[in-house]
Amino acid sequence: MRISRTPRRAVAAGAVLAVLLPLSACGDGDEGGSTDASGKIEGKITFQTWNLKANFKPYFEGLVDEFEKKYPGTEVHWVDQPGEGYADKISADAAAGTLPDVVNVSPDLVAPLAKAGIAMDLDKAAGKYEKEYLPGAWKSHQIPGTEGTYAFPWYLNTGPLFYNKRLFKDAGLDADKPPKTYDQLFDDALKLAEKSDGKVATLANVPTIEDFGRYGVPLMDKEGTGFSFNDAKGVELLTKYKKLYDAKALDGQALTATPESTGKKFLTEAVAMNPGSALDLEKFKKDAPQLYKNIGITPQISSTGKDNMYVMGVMVNARTKQTPAAVAFAHFVTDARHQMEFAKKVAIFPSTEGSLDDPYFTKQDGKEETRVRVAAAKSIKTAVNYTPVLFSEQMKVELRNAVARALQGKESPKEALDNAVKNCDRLLKQS
């Protein structure tokens with residue numbers, strides 16, 4: 001996947017996958033391929049990444065060359081697809097039977113492929129490698145209600161909350177004591193809005209499914225048959241956001257905001273807090289030196305004690321003609337050594353067991369960028385991907401629309417979430 005300035009998920013049109021895949025999928029995963037990866041590693045395979053070529057071409061070309069030298073008789077054709085329309089491209093190739101042998105996916109993308117029998121079950125084909133990965137990362141590509149694991153975990157990401165110390169001071173808040181709990185966050189946001197006469201908001205994003213997860217809301221039943229984010233705690237969170245919105249403590253453009261637009265709001269000091277990653281600090285230093293001088297860094301706010309984690313994976317096409325080579329290459333890309341090499345080129349984190357204990361992720365050197373990386377690496381050991389694997393892009397739109405109706409006063413928070421759950425459950429059954 002494209003590695004963005006912030007660790008926000010890429011938008012994936014899961015609904016398109018759900019619609020197109022059944023046209024060609026037999027659902028048994030055995031058409032043209034096998035989960036037996038024990039044979040000789042040889043033959044030609046195609047490896048597809050997600051908008052990584054522009055910035056990491058030498059790394060991936062070196063990776064391919066190294067694999068081909070290690071396994072004479074293999075040939076890896078690397079293709080890279082743009083970030084825009086990536087899910088559409090996967091669905092079209094899957095429907096046409098032209099999906100590459102090894103594919104960069106996110107959990108929400110792999111779910112319909114697994115259900116359609118197109119993603120290989122790695123518990124069967126590569127279960128011996130499971131112990132090499134963090135338990136939470138290995139489980140991230142498992143589908144509720146379905147047996148198996150459908151992608152090797154690749155890189156992970158998380159990040160802190162940045163806050164503007166100057167804006168906190170101007171509002172009479174202690175800039176050295178940022179909010180640590182949701183109650184503190186909402187209290188500080190209301191005070192900041194009041195002191196600035198509604199000119200400065202603290203937050204620029206409406207709550208998404210991961211925010212409900214961090215707040216401690218149960219999102220879905222364990223069987224994967226229905227959603228539950230409309231429970232009392234979910235209603236409580238949305239009610240608090242409604243209060244922020246009315247007080248202008250939540251940015252007025254939050255209903256249509258994107259990660260890029262909220263990042264710009266923070267960069268121009270129009271909002272007081274925004275999630276980010278170590279990558280942001282360089283941008284602040286270059287493009288907003290005044291902000292950089294006043295930047296504060298604090299952990300994600302979570303009622304569960306666990307931060308949110310974004311996950312990328314590498315899937316093997318169940319219909320590959322070269323199962324041993326495809327499985328070997330997918331493992332090669334995601335093994336500990338290569339993940340560490342990649343992590344040192346960009347602000348991401350390895351999903352392999354023990355890698356986060358490397359001095360690169362544990363040793364301070366006085367730099368702010370290192371402080372963010374070390375703190376994030378520590379939190380990611382226990383972090384979870386709150387977004388349910390079965391929560392498609394269409395469902396995200398349903399939740400976003402429900403949140404908007406509640407914030408605008410068109411529906412009560414309870415009514416809005418009840419309707420969102422009802423519509424998401426309907427979409428779940430259709431898929």
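Glu66 is partly exposed, as its relative accessible area is 28%, where buried means under 20% relative accessible area, exposed over 50%, and partly exposed in between, computed with a 1.4 Å probe on protein chains only. This is a predicted model, in which local features need pLDDT of at least 70 and side-chain atom pairs count only at pLDDT 80 or more, while totals for chains, interfaces and linings use all residues. Residues are numbered from 1 along each chain as its sequence is written, and side-chain values use heavy atoms, with hydrogens and water left out.

The side chain of Glu66 forms a salt bridge with that of Arg337, at 2.3 Å from N to O, the term being used for a side-chain nitrogen of Lys or Arg within 4 Å of a carboxyl oxygen of Asp or Glu. This pair links distant parts of the chain, since Glu66 belongs to helix H2 (residues 53-70) and Arg337 to helix H15 (residues 336-343), 271 residues apart; helices here are DSSP runs of H or I with at least four residues, and strands are runs of E with at least two, numbered from the N terminus. Arg337, with 44% relative accessibility, is also counted as partly exposed, and a network of salt bridges links Glu66, Arg337 and Glu341.

## Other salt bridges

The structure holds 22 salt bridges in total. Side chains of opposite charge can pair when their charged atoms come close.

One of these salt bridges joins the side chains of Lys165 and Asp176, at 3.9 Å from N to O. Lys165 lies in helix H7 (residues 165-170), whereas Asp176 lies in the loop between H7 and helix H8 (182-195), 11 residues apart. Lys165 is partly exposed at 25% relative accessibility, whereas Asp176 is exposed at 62%. Another salt bridge joins Arg405 and Glu411, at 3.1 Å from N to O; here Arg405 is partly exposed at 22%, and Glu411 is buried at 15%.

Leaving aside residues up to four places away in sequence, Glu398 touches Ala420, Asn423, Cys424, Arg426 and Leu427, where contact means heavy atoms within 4.5 Å. With Asn423, the side chain of Glu398 makes a polar contact of 3.1 Å, meaning a pair of N or O atoms within 3.5 Å, of which, within protein, one must be able to donate a hydrogen and the other to accept it, and residues adjacent in sequence count only if both atoms are side-chain atoms.
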